[in-house]
Amino acid sequence: MSTVAAAPSGVAGTASALRRLYFVRFAFAIVWAVVLLPMASKINPVVATLLVLYPLFDVGAAVYDARVSKGTGSPVLLYVNVAVSSATAIGLAVASASGIPAVLRVWGLWAVVAGLVQLIVAVPRRKMGGQWPMILSGGISVLAGGSFIASAGADDPALSSAIGYAIPGAIFFLISALRLGRVSKGE
């Protein structure tokens, strides 16, 4: 049995596939944040694993997005996101051994680059509907990334800012998924 998603036909098919993806991304981010929250004061093997898992999930989401949205534009930037998120997962694994400031620097750089990619991918998709939350999320991600990098130099840097990044991102995915519902139903 094949688990490879076939590219949906037309804008409504793509919107429907993206809607499902955005609901999954919402749920993942919320669960990830809830699990990490009580452990965010220090890095241990579980925290390091959770930190690496987040960009790896982004890799899978970008691959799925590229497959289902081929008919609506070039997936090149989504594959750039795959490469960046894969490198980030490796970077976070290494940075976890160095402490919270190193993790925040890697996380921040990833937030900046991934936010730019999200923004650039979402702008042409706005005709599809449901993309304004993705545009806003991409822009906010760029700003948040800068703040993570800056906060790495603070007296007592905290991983809780990563949780604060995941929750609004989840909400933007939820809003976008709900807005895409109209398009996927052909309204």
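**Reading burial, contacts and packing**

Tutor: Start with a single residue. Leu174 has a relative accessible area of 24%, so it counts as partly exposed. Keep in mind throughout that this is a predicted model.

Student: Why does a value of 24% make Leu174 partly exposed and not buried?

Tutor: Buried means under 20% relative accessible area and exposed means over 50%, with partly exposed in between. At 24%, Leu174 therefore falls in the middle class.

Student: Where does Leu174 lie, and which residues does it touch?

Tutor: Leu174 is part of helix α6. Leaving out residues up to four places away in sequence, Leu174 touches Phe23 and Phe26. Leu174 and Tyr22 are 152 residues apart in sequence, yet their C-alpha atoms are 6.4 Å apart in space.

Student: How far apart are Ile175 and Arg19, in sequence and in space?

Tutor: Ile175 and Arg19 are separated by 156 residues in sequence and by 9.8 Å in space, C-alpha to C-alpha. Ile175 also lies in α6, and with a relative accessible area of 36% it is partly exposed.

Student: What share of the contacts in the whole protein join residues at least 24 apart?

Tutor: Counting contacts between residues at least 6 apart in sequence, 77% join residues at least 24 apart.

Student: Now the overall layout. How many helices and how many strands are there?

Tutor: The protein has six helices and zero strands. Along the sequence the pattern reads α-α-α-α-α-α. The protein has 187 residues, of which 45% count as buried.

Student: Which residues have the most contacts inside the largest nonpolar core?

Tutor: A nonpolar core is a set of buried nonpolar residues joined through side-chain atoms. The largest one here has 31 residues, and those with the most contacts inside it are Trp32, Leu36, Leu51, Tyr54, Trp107, Leu159 and Tyr165. Two or more residues come from each of α1 (10-36), α2 (45-68), α3, α4 (100-125), α5 (132-151) and α6 (160-184). The most is given by α4, with eight residues. Apart from this core lies another of 14 residues, among them Leu18, Leu21, Met134 and Phe172.

Student: Which residues does Tyr54 touch?

Tutor: Setting aside residues up to four places away in sequence, Tyr54 touches Phe28, Ala29, Trp32, Trp107, Trp110 and Ala166.

Student: How do I read the packing of two helices, say α2 and α4?

Tutor: Take the angle and the axis separation together. For α2 and α4 the angle is about 20 degrees and the axes are 12 Å apart. Angles under 35 degrees count as roughly parallel, and α2 and α4 are therefore roughly parallel to each other. The crossing of α2 past α4 is left-handed. On the α2 side the contact is made by Leu51, Tyr54, Pro55, Asp58 and Asp65, and on the α4 side by Val103, Trp107, Trp110 and Arg125.

Student: And how are α2 and α3 arranged, parallel or antiparallel?

Tutor: Angles over 145 degrees count as roughly antiparallel. The helices α2 and α3 pack at about 170 degrees with axes 8 Å apart, and they are therefore roughly antiparallel. Residues that meet across this pair include Val52, Pro55 and Val59 in α2 and Ser85, Thr88 and Leu92 in α3.

Student: At what angle do the axes of α3 and α4 cross?

Tutor: They cross at roughly 170 degrees and come within 9 Å; α3 and α4 are therefore also roughly antiparallel to each other. Among the residues that meet are Val84 and Thr88 in α3 and Val106 and Trp110 in α4.

Student: Is Thr88 buried or exposed?

Tutor: Thr88 is buried, because its relative accessibility is 6%. Thr88 sits in helix α3 (residues 76-96). Its side chain reaches the backbone oxygen of Val84 at 2.8 Å. Not counting residues up to four places away in sequence, Thr88 touches Pro55, Val106 and Trp110.

Student: Which backbone oxygen lies 2.7 Å from a polar side-chain atom of Ser141?

Tutor: That of Ala111. Ser141 is placed in helix α5 and is buried, with a relative accessible area of 4%. Beyond its neighbours within four places in sequence, Ser141 is in contact with Ala111, Val112, Gly115 and Tyr165.

Definitions and conventions: Residues numbered from 1 in each chain as written. Predicted model: local features only at pLDDT ≥ 70, side-chain atom pairs only at ≥ 80, totals over all residues. Heavy atoms only, no water. Helix = DSSP H or I, 4+ residues; strand = E, 2+ residues; numbered from the N terminus. Buried < 20%, exposed > 50% of the residue type's maximum accessible area, 1.4 Å probe, protein only. Polar contact = N/O pair within 3.5 Å; in protein donor to acceptor, adjacent residues only side chain to side chain. Contact = heavy atoms within 4.5 Å. Core = buried A, V, L, I, M, F, W, Y, C linked by side-chain atoms within 4.5 Å. Axes fitted to C-alpha atoms, helices over the stretch in contact; angles between N-to-C directions. Parallel < 35°, antiparallel > 145°, perpendicular 65-115°, else oblique. Left-handed = near helix turned anticlockwise from the far one by under 90°.
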